[in-house]
Amino acid sequence: MNKPLTLLVSLVFMFNLLGCSSSNSISTQQKQKNQLENLIIQANNKVGFNSVVLISKGDEVLFEKAIGKVGKNSSDKLTTNYAFSPGSITKEFSVIALLQLKQMNKISFNQSIADYFPELPDWKHEITIEHLLTHSSGLPDVKYRANMTTIQALDDLKQLKTLKFSPGEKFDYGNNNTILRGLVVEKVTGVSFEDYLQENLFSVAGMSGTFAKSDFKHINRKIALGAIPLALKGVTAYTTAKDLLKLEQYLWS
């Protein structure tokens with residue numbers, strides 16, 4: 001087994017051990033925390049593991065540690081207050097927003113996206129909001145490039161002649177679905193997708209370190225660098241480890 005995989009397996013084992021050790025003594029739990037901290041330091045030294053690790057059980061945070069630098073070319077040390085681009089976790093935000101609008105009877109999952117995007121080609125009549133939610137629309141993934149914007153993504157869709165398959169026929173994971181979901185939220189509510197999330201999800205869930213953005217304007221927040229620079233509606237967002245825990249608690253409650 002190579003070193004990165006060995007470290008990963010060790011970390012997962014320690015996560016499970018610490019998370020399931022409610023009956024352990026305080027001294028045993030501290031020993032496990034020390035072992036986990038040493039593994040994280042090893043991961044940073046050997047494979048450049050830069051991250052914030054948080055383990056909880058219920059509402060109790062059992063372990064939290066930041067390791068590494070803010071970015072590849074930065075000398076600033078990472079802390080637990082830095083926000084990361086969480087990748088596909090951002091897709092959950094647009095799902096939650098559309099579910100809320102469905103609860104308020106402001107949308108129907110059977111609605112065609114033609115109701116919201118008259119500028120798209122004729123295939124728009126075949127795609128419903130449910131297809132966007134389930135990644136079964138037949139849309140290809142985004143043609144990514146650095147500093148890409150939502151307008152560019154929409155321009156690409158306007159040039160799309162045919163879908164990859166008939167909507168509902170298959171599953172194909174891609175962010176064009178996510179972008180259109182965010183834009184549907186805007187068209188239904190009359191406010192920006194970012195403002196909607198702030199008022200109806202992040203603030204309600206107590207996620208003070210989380211924000212979505214769809215432009216390249218500077219935001220005075222502590223952001224860990226590393227993701228491809230994008231400004232895509234529904235895709236570009238930043239969050240902290242603590243806030244991801246708050247999101248989970250909010251959804252379960």
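Contact, as the word is used here, means heavy atoms within 4.5 Å of each other. By that criterion, and not counting residues up to four places away in sequence, His135 touches Lys91, Lys170, Phe171, Asp172, Tyr173, Gly174, Asn177, Thr178 and Arg181. The model is a predicted one, in which local features need pLDDT of at least 70 and side-chain atom pairs count only at pLDDT 80 or more, whereas totals for chains, interfaces and linings use all residues. Residues are numbered from 1 along each chain as its sequence is written, and side-chain values use heavy atoms, with hydrogens and water left out.

The protein chain has 8 helices and 6 strands, where helices (H or I, at least four residues) and strands (E, at least two) are DSSP runs numbered from the N terminus. Read from the N terminus on, the order of these elements is α-α-β-β-α-α-β-α-α-α-β-β-β-α. Taken along the principal axes, the C-alpha atoms of the protein chain fill a box of roughly 65 × 40 × 40 Å. Of its 253 residues, 43% count as buried; buried means under 20% relative accessible area, exposed means over 50%, and partly exposed lies in between, with a 1.4 Å probe and protein chains only. Among contacts in the protein chain with a separation of 6 or more, 64% are accounted for by residues 24 or more positions apart. The protein chain exposes about 13,600 Å², and carbon and sulfur atoms supply 52% of that area, the accessible areas coming from the Shrake-Rupley method with a 1.4 Å probe and, for residues, only the protein chains shown counting as cover.

We turn now to a pair of helices. Two packed helices are described by the angle between their axes and the distance between the axes. Helix H3 (residues 90–103) and helix H6 (residues 175–189) pack at an angle of about 40 degrees, with their axes 9 Å apart; the axes are lines fitted to C-alpha atoms, for helices over the stretch in contact, and angles run from 0 to 180 degrees between N-to-C directions. The crossing of H3 past H6 is left-handed, a term that applies if the near helix is turned anticlockwise from the far one by less than a right angle, the right-handed case being clockwise. On the H3 side the contact is made by Lys91, Ser94, Val95, Ala97, Leu98 and Leu101, and on the H6 side by Asn175, Thr178, Arg181, Gly182, Val184, Val185, Val188 and Thr189. Sorted by class, the contact of H3 with H6 has 7 nonpolar, 5 polar and 2 charged residues, where Ala, Val, Leu, Ile, Met, Phe, Trp, Tyr, Cys and Pro count as nonpolar, Asp, Glu, Lys and Arg as charged, and the others, Gly among them, as polar.

Thr90, Lys91, Phe93, Ser94, Ile96, Ala97, Leu98, Gln100 and Leu101 of H3 are buried, and the buried residues of H3 pack against helix H4 (129–133), H6, helix H7 (193–205), strand S6 (237–238) and helix H8 (241–252). Just after H3, Asn105 takes a positive phi of about 60 degrees.

His135 counts as buried because its relative accessibility is 6%, and it has a positive phi of about 55 degrees although it is not a glycine. In the loop between H4 and S3 we also find Asn147, which has a positive phi of about 65 degrees although it is not a glycine; at 45% relative accessibility, Asn147 counts as partly exposed.

Two further residues complete the tour. Val61 lies in strand S2 (residues 60–67) and, at 40% relative accessibility, counts as partly exposed; not counting residues up to four places away in sequence, Val61 touches Leu54, Ile55, Ser56 and Leu245. Lys161 lies in the loop between helix H5 (150–158) and H6, and Lys161 is exposed, with a relative accessible area of 71%.
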